[in-house]
Every structure is written in structure tokens, then in C-alpha cells.
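Subject: The structure I promised you

Hi,

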Amino acid sequence: MAVERTLSIIKPDATRRNLTGKINAVFEDAGLRIVAQKRIQLTPATAGAFYEVHKERPFYNDLVSFMVSGPVVVQVLQGENAVAKNREVMGATDPKKAEAHTIRAQFAESIEANSVHGSDSLENAKNEIAFFFAGTEILP
Ligand code: CMP
């Protein structure tokens with residue numbers, strides 16, 4: 001298995017409820033290392049560009065509004081098989097369908113306010129990491 005990096009976002013529903021530390025503990029307990037992290041306020045332009053791939057989906061405008069409704073924590077997670085491992089610990093997009101003990105089963109409020117985002121492929125991870133971080137900000 002290769003050491004990979006993936007982009008994670010702790011979303012506004014989770015930062016609002018002071019869950020950053022609890023969510024980070026799930027990542028670290030799963031063997032993922034937080035090698036970059038910053039708490040930022042997204043703008044509509046930035047959130048819209050990040051989720052550009054969903055532009056035609058009916059939930060796009062609501063998703064962008066939600067993502068700017070409070071601070072987010074963007075982070076780079078590193079570890080063996082990090083892309084798939086992060087998706088496993090996050091659980092299904094819809095918390096009602098997420099396995100028990102996953103982040104979304106434990107913490108998400110709804111399919112939209114689902115506490116975390118994680119890259120869905122290694123290629124997207126590279127692009128999403130570059131969207132938020134300079135190479136010099138990533139410190140393994
Ligand atoms: P995320 O993994 O960040 O990718 C796209 C986001 O759109 C998703 O998590 C949810 O927060 C949000 N979303 C809202 N409604 C839906 C839906 N019906 N299907 C998928 N994603 C949705």
C-alpha cells in the first residue's frame with residue numbers, strides 16, 4: 001500500500017458545535033496524520049469553485065450557502081491508502097446510511113450538513129490539496 005495524501009474539510013456544522021478535536025481524534029486513531037491544517041472562512045466564490053463539479057446538481061446553491069455559513073477547517077491527511085481510509089472513517093454521504101462509528105454516523109446533522117468532506121480519488125486529492133495549500137504549508 002502506498003502512502004497517500006487526501007484533502008479533508010471539517011464543515012461549518014461541525015466547527016459550530018466545537019467538534020474539530022473529536023473529529024481529528026477519529027482521523028488520528030485511524031492512522032491518518034494531519035500534515036497541514038487551517039481554519040478559514042470560505043467565500044461564495046471559493047466554495048462555488050471548490051464544488052464546481054456539482055454545479056448542475058439541484059443541491060449546489062444550498063451547498064455553497066451552507067459552506068460559507070461559518071468557518072471550516074481544511075486539512076491534509078497523510079497515511080497508507082489515505083484516500084480510501086478517510087472515506088471509510090467518514091462514512092456514507094447520507095448519515096442515515098453511514099456505518100456506526102463513522103464520523104458522519106456519530107456527528108452529521110443531515111446529508112448536506114454532514115460534518116466532513118474528503119477527496120474521492122487520488123487525482124482529485126492532488127487537485128483539492130493544491131486548491132487550498134502551498135507545498136510549503138504541508139509538513140509531514
Ligand atoms: P461532500 O462529500 O462534501 O460532497 C458534496 C456535498 O454536497 C456532500 O458532501 C453534501 O454535503 C452535499 N449534498 C447535499 N445534498 C446532497 C445529495 N442529495 N447528494 C449528495 N451530496 C449532497
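One term before we start: two residues are in contact when they have heavy atoms within 4.5 Å. Also keep in mind that this is a predicted model.

**The core**

With that cut-off, have a look at Leu7. Leaving out residues up to four places away in sequence, Leu7 touches Phe50, Gln75, Asn86, His117, Gly118, Ser119, Ala125, Glu128, Ile129, Phe132 and Phe133. Leu7 also belongs to the largest nonpolar core, which has 21 residues. The members that touch the most others in this core are Leu7, Ile9, Met67, Val76, Phe132, Phe133 and Ile138. Which parts of the chain supply at least two residues each? They are strand 1 (3–10), strand 2 (33–40), helix 3 (44–50), helix 4 (60–67), strand 3 (72–80) and helix 7 (122–132). Helix 4 contributes the most, namely five residues. Apart from this core there is another one, made of 15 residues, including Ala14, Val89, Met90 and Phe107. As background, nonpolar side chains tend to be buried together in soluble globular proteins.

**The pocket and the ligand**

Next, the annotated positions. An unreviewed UniProt entry lists "binding site" at Lys11, Phe59, Arg87, Thr93, Arg104 and Asn114. From this set, Lys11, Phe59, Arg87, Thr93, Arg104 and Asn114 are in the lining of the largest pocket.

Is Asn114 buried or exposed? Asn114 counts as buried, because its relative accessibility is 2% and the limit for buried is under 20%. You'll find Asn114 in the loop between helix 6 (103–107) and strand 4 (116–118). Not counting residues up to four places away in sequence, Asn114 touches Lys11, Asp13, Thr93, Arg104 and Ala108. Its side chain also reaches the backbone oxygen of Thr93, at 3.3 Å. Phe59 sits in the loop between helix 3 and helix 4, and it is partly exposed, with a relative accessible area of 33%.

Now for the ligand. Around it are Lys11, Tyr51, His54, Phe59, Leu63, Thr93, Arg104, Ile111, Glu112, Asn114 and His117. A few distances are worth checking on screen:

- Tyr51 has a polar side-chain atom 2.6 Å from an oxygen atom of the ligand.
- Glu112 has a backbone N or O atom 2.9 Å from an oxygen atom of the ligand.
- Ile111 has a backbone N or O atom 3.4 Å from an oxygen atom of the ligand.

**A few other spots**

Val68 is in the loop between helix 4 and strand 3. It counts as partly exposed, at 22% relative accessibility. Val68 and Pro12 are 56 residues apart along the chain, and their C-alpha atoms are separated by 7.6 Å. Leaving out residues up to four places away in sequence, Val68 touches Gln41, Leu42, Thr43, Pro44 and Ala47.

Then there is Ala45, in helix 3. Its relative accessibility is 60%, so it counts as exposed. Ala45 and Val116 are 71 residues apart in sequence, and C-alpha to C-alpha they are 20 Å apart in space.

Last, the UniProt record (unreviewed entry) gives "domain: Nucleoside diphosphate kinase-like" for residues 3–140. The end C-alpha atoms of this span lie 11 Å apart, and the span is 40% helix and 20% strand.

Happy exploring!

How values were computed
Residues are numbered from 1 along each chain as its sequence is written. This is a predicted model: local features need pLDDT of at least 70, side-chain atom pairs count only at pLDDT 80 or more; totals for chains, interfaces and linings use all residues. Side-chain values use heavy atoms; hydrogens and water are left out. A nonpolar core is a set of buried Ala, Val, Leu, Ile, Met, Phe, Trp, Tyr and Cys residues joined through side-chain atoms within 4.5 Å. Buried means under 20% relative accessible area, exposed over 50%, partly exposed in between (1.4 Å probe, protein chains only). Helices (H or I, at least four residues) and strands (E, at least two) are DSSP runs, numbered from the N terminus. UniProt positions are given in the numbering used here, feature names are shortened, and annotations may be inferred rather than shown by experiment. On a 1 Å grid over the protein atoms alone, a cavity is a set of points where a 1.4 Å probe fits but cannot get out, and a pocket is an open set with protein on both sides within 12 Å along at least five of seven lines; lining residues have an atom within 4 Å of a point. A polar contact is a pair of N or O atoms within 3.5 Å; within protein, one must be able to donate a hydrogen and the other to accept it, and residues adjacent in sequence count only if both atoms are side-chain atoms. A residue is near a molecule or strand if one of its heavy atoms lies within 4 Å of it.
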